[in-house]
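Have the viewer open as you read.

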Amino acid sequence: MENYKKISRDDFMNFFRDDEKLNELTVDDRVEIFSFILSGSSDFTKELLDRILSDYSVENLEILETKDGKEK
C-alpha cells in the first residue's frame with residue numbers, strides 16, 4: 001500500500017494516458033478520481049464543463065454561467 005508514494009508524476013500521467021491500464025479501473029474508481037482531482041472551485045469553469053460535456057457527447061445538459069444569481 002505504501003508503494004503509491006514512489007510513483008512519479010510521469011508514471012502517474014502515463015497510467016492515465018494508457019487506455020489499456022485505464023480500462024483496469026472500475027466506473028466507481030473513475031467517478032472517485034473525477035470527483036476529487038481538481039484543486040478547488042476556481043478550476044470549474046463554464047468552458048471546462050462545456051468541453052467535458054462535448055467530449056462525452058452529453059446533449060441533454062447545458063451549463064449556464066451566472067453572476068450574483070443572474071445569467072450572463
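## An exposed arginine and its partner

Arginine 9 counts as exposed, because its relative accessibility is 58%, over the 50% cut-off. Keep in mind that this is a predicted model. The side chain of arginine 9 meets that of aspartate 10 in a salt bridge, with 3.5 Å from N to O.

## The other salt bridges

Searching the whole structure turns up three salt bridges. One of them joins lysine 21 to glutamate 24, whose closest N and O atoms are 3.4 Å apart. Here glutamate 24 is exposed at 52% relative accessibility, whereas lysine 21 is partly exposed at 33%.

Another links the side chains of lysine 46 and aspartate 50, at 2.7 Å from N to O. These two residues are four apart in helix 4, so about one helical turn separates them. Both ends are partly exposed: aspartate 50 has a relative accessibility of 28%, and lysine 46 has 25%.

## The largest pocket

Helix 4 also matters for the next topic, as it gives the most to the lining of the largest pocket, with five residues. The space in this pocket comes to about 670 Å³. Its lining has 19 residues, and those closest to the centre are Ile33, Phe34, Ile37, Ile52 and Tyr56.

At least two lining residues come from each of helix 1 (9–16), helix 3 (27–36) and helix 4 (46–55). What classes of residue make up the lining of the largest pocket? There are 15 nonpolar residues and four charged ones, with no polar residues.

Note on methods:
Residues numbered from 1 in each chain as written. Predicted model: local features only at pLDDT ≥ 70, side-chain atom pairs only at ≥ 80, totals over all residues. Heavy atoms only, no water. 1 Å grid on protein atoms, 1.4 Å probe; cavity = no way out; pocket = protein on both sides within 12 Å on 5 of 7 lines; lining within 4 Å. Points joined across faces, edges and corners; volume = space filled by probe spheres on them. Nonpolar A, V, L, I, M, F, W, Y, C, P; charged D, E, K, R; others polar. Salt bridge = Lys/Arg side-chain N within 4 Å of Asp/Glu carboxyl O. Buried < 20%, exposed > 50% of the residue type's maximum accessible area, 1.4 Å probe, protein only.
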